[in-house]
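User: I'd like to learn how to read the features of a protein model. Could you walk me through one?

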Amino acid sequence: MYQDRFQYHDYYLVEELLTDEHRLIRETVRAFVKKEVTPIIEDFAQRAEFPRHLLKGLAEVGAFGPYIPVEYGGQGLDQISYGIIMQELERGDSGIRSTASVQSSLVMYPIYTFGSEEQRQKYLPKLATGEFMGAFGLTEPSHGSDPGGMVSHFKDMGDHYVLNGSKMWISNAPFCDIAVVWAKDETGVVRGLIVERGMEGFSTPETHGKWSLRASATGELVFDNVRVPKENLLPNVKGLKGPLSCLNSARYGIAWGALGAALDCYDTALRYAGERIQFGKPIASFQLQQKKLAEMITEITKAQLLVWRLGTLKNENRANPAQISMAKRNNVALALEVARESRQILGGMGITGEYPIMRHMMNLESVVTYEGTHDIHLLITGLDITGINAFV
Ligand SMILES: Cc1cc2nc3c(=O)[nH]c(=O)nc-3n(C[C@H](O)[C@H](O)[C@H](O)COP(=O)(O)OP(=O)(O)OC[C@H]3O[C@@H](n4cnc5c(N)ncnc54)[C@H](O)[C@@H]3O)c2cc1C
């Protein structure tokens, strides 16, 4: 059985900037991950299966809608709490964090922010307990980085809408109960619709053969003349700002989350380097290995400060999308780099499932692409600092 020896690393004592409540949340989620996630996740990843039995526990530790108000089933927590939860979950596996990110930021957030009171009452409490699981449909086969070109569309039939089109690369799709789907109305305006499993013409085929996020279920959302009741339209948002504001919330969580994967890789490599003897000495005694470890903890420390500050700004409603892009891009890239260097420190053992590094590394190849690719976030920073759009 896999032995989880994870120790948290906090080189600049960033924990001192947190409240007692933040620390309690961290301990609760960390204990859940240690008991429920790390002992089983490698097997599920190897089998390319999502561990659905974890959903109840995830809901119990507040992973679904932590910042949604208590009256709708959420925890009413602040943004730093949300970040901490995402970091601890991704320390276990990016796929588990992905499920919690989608549920919280891409399904509960839009229903809470753009939904009618009836929609909030109907869906949010059940999403918070995991009784309902949600998916978010934005990406299409021919429109990824450029979602404005989407072709999914719906028609007003008087007493209902008819939705046609398809979405690709959708996390949680194979088992979702509802999906928040972005599609164009007859005038070409992007709107959000809540599509429920069981609606005729709605199917969610699973995507197989992934080398990354293997313990996360990914699939398509296919709409073949789906009859959607009019009350399932999100009334309070029009245009791409709807899905983009959801992505902002999810990207913020990813900036924290990726650090969890980085910390797990660094911690594993540091311990291994101290225990592995070559040429009669621990490999940690060689300068080349120390350089790798020292650079890793330096980058991790910078990233910890970045997300803490971003969380503070977000709590004050002062974080802008470009700041969030910078943190997502930086932290996922550094996590990938830490995973690659850690893998090398473990030598041949680094490629096995006995250690979490290779799984984190492969997962991060999705994380660096979804929710805006590494390139796209750089272009967002470029646009923000120069005022010139280099996307097209
Ligand atoms: C495992 C997984 C889960 C996902 N989950 C979801 C989900 O739940 N819901 C959802 O809606 N989507 C989801 N996605 C989709 C994800 O958001 C897209 O894959 C991502 O936005 C990139 O789109 P694309 O794959 O079509 O790549 P493309 O947009 O085709 O990009 C290909 C390459 O071209 C580059 N590129 C594109 N445009 C430019 C430009 N203007 N300038 C320079 N370079 C450019 C990109 O950076 C990239 O390197 C998921 C993806 C994965 C892999």
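Analyst: Happy to! Domain bounds come from an automatic or database domain assignment. This is a predicted model, and its chain is divided into domain 1 (14-129), domain 2 (134-232) and domain 3 (241-386).

User: How far apart do the C-alpha centres of domain 1 and domain 3 lie, and how many residues does the contact take from domain 1 and from domain 3?

Analyst: The C-alpha centres of the two domains are 20 Å apart. For contact, the test is C-beta atoms within 7 Å. Here 27 residues of domain 1 and 26 residues of domain 3 take part.

User: Which helices each supply at least two residues of the side of domain 1 that touches domain 3?

Analyst: Those are helix 1 (20-46), helix 3 (79-92) and helix 4 (94-114). Helix 3 gives the most, with 11 residues. Sorted by class, this side of domain 1 holds 12 nonpolar, eight polar and seven charged residues.

User: Let's turn to strands. Is strand 5 mostly covered or mostly open?

Analyst: A residue counts as buried if 20 or more other C-beta atoms lie within 10 Å of its own. In strand 5 (residues 190-196), six of the seven residues are buried, so by this definition the strand is mostly covered.

User: In what sense do strand 4 and strand 5 pair?

Analyst: Strand 4 (residues 178-184) pairs with strand 5 in the antiparallel sense, over seven bridges. As an example, valine 180 stands opposite isoleucine 194 in strand 5.

User: And which residue takes a positive phi in the hairpin of these strands?

Analyst: Glycine 188 does, with a phi near 85°. The hairpin has five residues between strand 4 and strand 5.

Note on methods. Residues are numbered from 1 along each chain as its sequence is written. This is a predicted model: local features need pLDDT of at least 70, side-chain atom pairs count only at pLDDT 80 or more; totals for chains, interfaces and linings use all residues. Two residues are in contact if their C-beta atoms, placed from the backbone, lie within 7 Å. Helices (H or I, at least four residues) and strands (E, at least two) are DSSP runs, numbered from the N terminus. Ala, Val, Leu, Ile, Met, Phe, Trp, Tyr, Cys and Pro count as nonpolar, Asp, Glu, Lys and Arg as charged, and the others, Gly among them, as polar. A residue is buried if 20 or more other C-beta atoms lie within 10 Å of its own, exposed if 12 or fewer, and partly exposed in between; C-beta atoms are placed from the backbone. Two strands pair if DSSP finds at least two bridges between them.
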